[in-house]
Amino acid sequence: GYLSHQIGKWHLGLSRQAYTPAGRGFNSSLGFLMGSEDHYAHTNGLAYNGTHVPGVDLWETDRPAKGYDGIYSAYIYAGRAVELIESHPPDKGLFLYVAFADTHEPEQAPDAYVDHYAATDPDGSAAPPCRRLYNGMASAVDESVKNITTALHSSGLWNSTLVVWSSDNGGPSFVGGPSCANNYPLRGGKGNDFSGGTRVAAWVNGGSLSLSLSLSLSLS
């Protein structure tokens, strides 16, 4: 009885229609099927005869998504989530799977987010050039989640909603490569099995969680 929607990164199969979000049972989807997508052009380097040819990888359920060129990915995906929440029929359940392209490479973010951050680390040393961009991307996620939760509140869905948020791996902090993220005091980062690569931020919230806690406390 639920209406289910996939938004953002998929990266769980694309060689057959059956592997796409619609093929897996989502009523609708808006996002990209591969990874490492440009956040504005929505292109991905596709290998063709030994060279990389940029191709647009942005799809709306069963067809190419049109009209999004030049729009930052977080704006697209949070905007779609808000639209679906605001237009959701009250007699149906709702399941949203929203996988933001942030903070995945390439490091890109609007200046409004990047300008919040200094070009130096807390100890005064110069931060890697991509650190401010990476932090700006994290702020884009923060604002996107805020917009989605605000829509849940204003639509009246919050009290019956459970929100689960998680990262998929630690931030990139490579030896001999770009260190856009800083996982200190954890060791390592994305791409290895140290705690900096496997321990991630996560939380749950929502009106249904508050209700269940209240019921359990009253019963106890």
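In this predicted model, the mean positions of the 13 positive and 20 negative charges of the protein lie 7 Å apart; Lys and Arg count as positive and Asp and Glu as negative, whereas His and the chain ends are not counted. Each charge is placed at NZ of Lys, CZ of Arg, CG of Asp or CD of Glu. Residues are numbered from 1 along each chain as its sequence is written. Local features require pLDDT of at least 70, and side-chain atom pairs count only at pLDDT 80 or more, while totals for chains, interfaces and linings use all residues.

The secondary structure comprises 5 helices and 9 strands, where helices (H or I, at least four residues) and strands (E, at least two) are DSSP runs numbered from the N terminus. Along the sequence, the pattern is β-β-β-β-β-β-α-β-α-α-β-α-β-α. Of the 220 residues, 37% are buried, that is, under 20% relative accessible area with a 1.4 Å probe and protein chains only.

Strand E2 (residues 28-32) is largely enclosed by the rest of the structure, because 5 of its 5 residues are buried. In a regular strand the side chains alternate between the two faces of the sheet. In E2, Ser-28, Leu-30 and Phe-32 point one way, Ser-29 and Gly-31 point the other way, and all are buried.

Strands pair if DSSP finds at least two bridges between them. Strand E1 (residues 2-9) runs parallel to E2 and is joined to E2 by 5 bridges; Gln-6 has Ser-29 of E2 as its bridge partner. Strand E5 (residues 59-60) runs antiparallel to E2, with 2 bridges between them, and Glu-60 of E5 is the bridge partner of Leu-30.

Terms used. Side-chain values use heavy atoms; hydrogens and water are left out. Buried means under 20% relative accessible area, exposed over 50%, partly exposed in between (1.4 Å probe, protein chains only).
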